[in-house]
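I opened the model to look up a few residues and any ring pairs. My notes follow the display.

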Amino acid sequence: MSIQDAPLQDMAFQASPRVLGTAGTSDDADADARNADGLSVWPRSARSASEGDVRVGGVSLTETADRFGTPVYVLDEQEVRERCRTYRTAFPEADVVYAAKAFLSRAVVRWVREEGLGLDVCSAGELELAVSTGFPPEKIVMHGNAKSPEDLRTALGLGVGRIVVDSDSEIARLAAVTPPDSRQKVMVRVVPGIAAGGHAKIRTGTDDQKFGLSITDGSAEHAVARILDQPQLELVGLHCHIGSQITSVQPYVSAVRRVVGLMARIRDQHGVALPQLDIGGGHAIAYRPGEENLNVGVLAGRVRAELEDACARAGLSVPRLTLEPGRAIIGPAGVAVYRVLSVKRTGEHTFVAVDGGMSDNPRPALYGVRYAPRLVGRPSAVPPRLVTVVGRHCEAGDVLAEDVALPGDVHPGDLLAVPAAGAYHLSMASGYNLVGRPPVVAVSDGAARVLVRRESLDDMSRRDIGM
């Protein structure tokens with residue numbers, strides 16, 4: 001069954017939580033084998049190997065750790081590319097743009113470009129990295145709730161395709177720096193008043209957070225009127241991002257309905273039919289076996305149907321759709337590998353400390369994300385016990401995985417691998433305790449290569465010039 005043939009009920013996940021909406025006999029058998037082997041949330045290429053090892057992209061995780069050191073991030077190139085293709089197949093008539101904030105490197109820029117996706121950036125840094133790597137600026141969308149003057153100047157100077165206006169004050173700033181003989185295409189980020197997302201800190205569709213302009217209180221319509229009065233700005237559409245780790249299709253359907261209603265009012269008040277609609281991203285992935293992910297095929301069918309129906313009722317032409325997946329493309333492609341430094345039993349708890357932590361993955365400390373680490377590199381017949389995997393940093397909240405089952409004989413020197421680690425790990429990493437950020441190693445067809453090298457003490461020392 002193809003993505004287009006997927007049933008259109010609001011199905012949040014399939015039997016294998018790592019499938020994006022494709023199915024078939026060989027795929028199903030492969031998914032069943034991964035489920036039985038505890039690899040359902042790992043990259044599609046993951047296979048158990050001898051002596052307790054796991055191979056990803058045909059490359060041994062144990063050998064990768066020995067060769068590149070730990071912590072190390074392993075990124076399956078083919079997994080990233082296949083997920084890009086899944087979105088292109090599901091949304092053939094739309095602009096699919098990869099959300100760079102999830103993780104960006106020169107190689108990822110190249111993969112995304114070659115697979116036909118656009119790019120969504122939030123800063124001059126992300127934008128310059130992309131354009132200097134050869135990404136066409138006209139296929140880039142820039143947004144953010146507080147763009148700096150440098151961000152706006154860089155976007156205009158490099159010829160970014162669309163800028164998403166996020167506040168009333170940004171309109172005047174952008175118009176002031178746009179050359180008088182040019183017009184910059186812009187969208188308005190609107191807030192539809194929909195609560196969706198896996199945690200309060202990643203819900204962005206309601207009026208009580210920092211992003212966007214409210215439909216409810218009229219702020220969005222006021223911003224539209226102001227932009228239409230600026231000759232340097234060309235309003236091409238509306239933007240709406242309602243949150244992250246969303247497992248259900250229904251919030252997107254509701255958001256489309258409300259935003260199309262606003263587009264109809266803009267047409268009635270200003271005589272302008274906006275040709276584009278960006279519904280953002282936020283598509284959930286499974287971090288642990290049994291968790292839900294968003295079915296992209298179902299999302300495509302339901303959003304397409306609602307958009308066509310709502311526009312028909314309003315007498316509008318159907319706008320060109322844009323969506324911004326980030327985590328759903330890069331997250332399941334990554335595996336973090338750590339080495340155990342100590343095992344400590346304190347009262348009723350067992351703490352397994354590794355050589356990374358919140359400096360390379362702050363997400364558990366920020367909003368309670370839970371992972372499923374796995375012992376790799378040696379077999380164990382010892383029954384599992386519940387442990388808490390913690391990091392090396394001077395914070396009680398430096399916890400990577402709480403109350404997870406690991407073999408009872410886990411000990412210093414062992415390797416632990418954490419799947420679904422491709423998104424919002426290194427992109428949110430810090431220099432806490434001057435522990436350098438880990439490298440990123442791409443694997444494909446049995447070969448491994450460094451994409452981002454390990455950050456050294458010398459790298460960090462070079463920035464300290466205060467003697």
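I worked from a predicted model, in which local features need pLDDT of at least 70 and side-chain atom pairs count only at pLDDT 80 or more, while totals for chains, interfaces and linings use all residues. Residues are numbered from 1 along each chain as its sequence is written, and side-chain values use heavy atoms, with hydrogens and water left out.

Entry, ring pairs. I searched the whole structure and found one aromatic pair (rings of Phe, Tyr and Trp, the last by its six-membered ring, with centres within 6.5 Å; planes under 30 degrees apart are stacked, over 60 edge-to-face, the rest tilted). Tyr287 and Tyr371 have ring centres 5.4 Å apart and planes at 85°, so I logged the pair as edge-to-face. The pair links distant parts of the chain, 84 residues apart: Tyr287 is in the loop between β12 (276–278) and α10 (296–314), and Tyr371 is in the loop between α12 (363–367) and β16 (374–376). Helices (H or I, at least four residues) and strands (E, at least two) are DSSP runs numbered from the N terminus.

Entry, burial of the pair. Tyr287 is buried at 3% relative accessibility, and Tyr371 is buried at 2% (buried is under 20% relative accessible area, exposed over 50%, partly exposed in between; 1.4 Å probe, protein chains only).

Entry, Thr350. I placed Thr350 in strand β15 (residues 349–354) and noted that Thr350 is buried at 10%. Beyond four places in sequence, its contacts (heavy atoms within 4.5 Å) include Val343, Arg385 and Thr388.

Entry, Leu158. Leu158 is in helix α6 (residues 149–158) and is partly exposed at 32%. Its C-alpha atom is 7.8 Å from that of Val131, 27 residues apart along the chain.
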